[in-house]
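Welcome! Here is a short tour for anyone meeting this structure for the first time. Have a look at it below, then read on.

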Amino acid sequence: MENNNNQSHQLLHSYCLNPDVRLETQGVNEQVLLVIRAHPITQLHWIFNTIILFILLIVLNILLFSFLTTRQILFTNIFGIVILLSYVWFNFLSWFFNVGVVTNLRIIDIDFISVIYKEITEARLDKIEDITSKSGGYFQSFFDYGNVFIQTAGTEINIEFENISKPSEVVRIISDLVGK
Amino acid sequence: MELQNLSFLNTQTITVIAFKAFAIVFSLFYLVYAIVIAKQTQVMNKTLEVKNNHVFFVISSVQITIGLILIILAIILV
């Protein structure tokens, strides 16, 4: 919270340098340096689905008009819109809270699978052996996103950040920290 | 005699009853879903504290309120 120097939020908060963020397990001398999320372009599928479902709801109105009463149609519409908004909210939460965090002491991967299941993986910087970034294909190259794979020593669990913004920048920051 | 007693059950009445039953059941399902999401949002907020994280709590609370309104609408309106 205290490290506000050169704070920046880029690409719709998918790449945040020195963010105003605090972790549940954050130590006293620990500072959050980087918070990374999936690139916004990877979230287009559910935005597109929402538009399609909204159009389907309008079509459903026309089809149901002759079968249902006005009250029933009104309820179907309210219910449909509520479900659509919930779908948007669910996907937003999934995107917003699935983050990779780099602190001055460790790297943490927070995953909320389907929002319900929580999985936190962390690796101390001194245990990191190898960092690889993978970015291939037209979209990944054009929008500058990809995967970062962090290999740790021994039996420690490896960390993978998928579809994150600026993977090469992330690798550079982690490499600098590991080299210190 | 029995057929005469059941004569009020015409197609339209059956449709109305079936629709109401479905509306109430699905509204209840939605309410349960909204409560689970609200609870999980609290867990997520605790895991990663961001600035203005009360917004998540407010939206989740609104979702529960909508769930309750849906049940009332399903009972009264439909």
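Strand E3 (residues 21–23) of chain A pairs with E1(B) in the antiparallel sense, and three bridges join the two strands. One of the residue pairs here brings together Val21(A) and Val50(B), its bridge partner in E1(B). Please keep in mind that this is a predicted model. With that pairing in view, the points below cover the contact between the chains, then each chain in turn.

**Where the chains meet**
- Chain B gives 23 residues to the contact, and chain A gives 23 residues.
- On the side of chain B that touches chain A, the elements giving two or more residues are helix H2 (11–47), strand E1 (48–50) and helix H3 (54–76) of chain B.
- H2(B) supplies the largest share of that side, with eleven residues.
- Sorted by class, the side of chain B that touches chain A holds 16 nonpolar, four polar and three charged residues.

**A closer look at chain B**
- Chain B has three helices and one strand.
- Read from the N terminus on, the elements of chain B follow the order α-α-β-α.
- Chain B has 78 residues, and 19% of them count as buried.
- Among the contacts in chain B with a separation of 6 or more, 74% link residues 24 or more positions apart.

**The sheet of chain A**
- In chain A, six strands make up an open sheet in the order E1-E2-E4-E5-E6-E7, and their pairing is antiparallel.
- Strand E1 (8–10) and strand E7 (117–124) of chain A are the edge strands, each pairing on one side only.
- From one strand to the next, the twist averages 15°.
- Eight bridges connect strand E6 (residues 106–113) of chain A with E7(A), in the antiparallel sense.

Terms used
Residues are numbered from 1 along each chain as its sequence is written. Chains are lettered from A and ligands numbered from 1 in the order in which they are written. This is a predicted model: local features need pLDDT of at least 70, side-chain atom pairs count only at pLDDT 80 or more; totals for chains, interfaces and linings use all residues. Two strands pair if DSSP finds at least two bridges between them. Helices (H or I, at least four residues) and strands (E, at least two) are DSSP runs, numbered from the N terminus. Axes are lines fitted to C-alpha atoms, for helices over the stretch in contact, and angles run from 0 to 180 degrees between N-to-C directions. Two residues are in contact if their C-beta atoms, placed from the backbone, lie within 7 Å. Ala, Val, Leu, Ile, Met, Phe, Trp, Tyr, Cys and Pro count as nonpolar, Asp, Glu, Lys and Arg as charged, and the others, Gly among them, as polar. A residue is buried if 20 or more other C-beta atoms lie within 10 Å of its own, exposed if 12 or fewer, and partly exposed in between; C-beta atoms are placed from the backbone.
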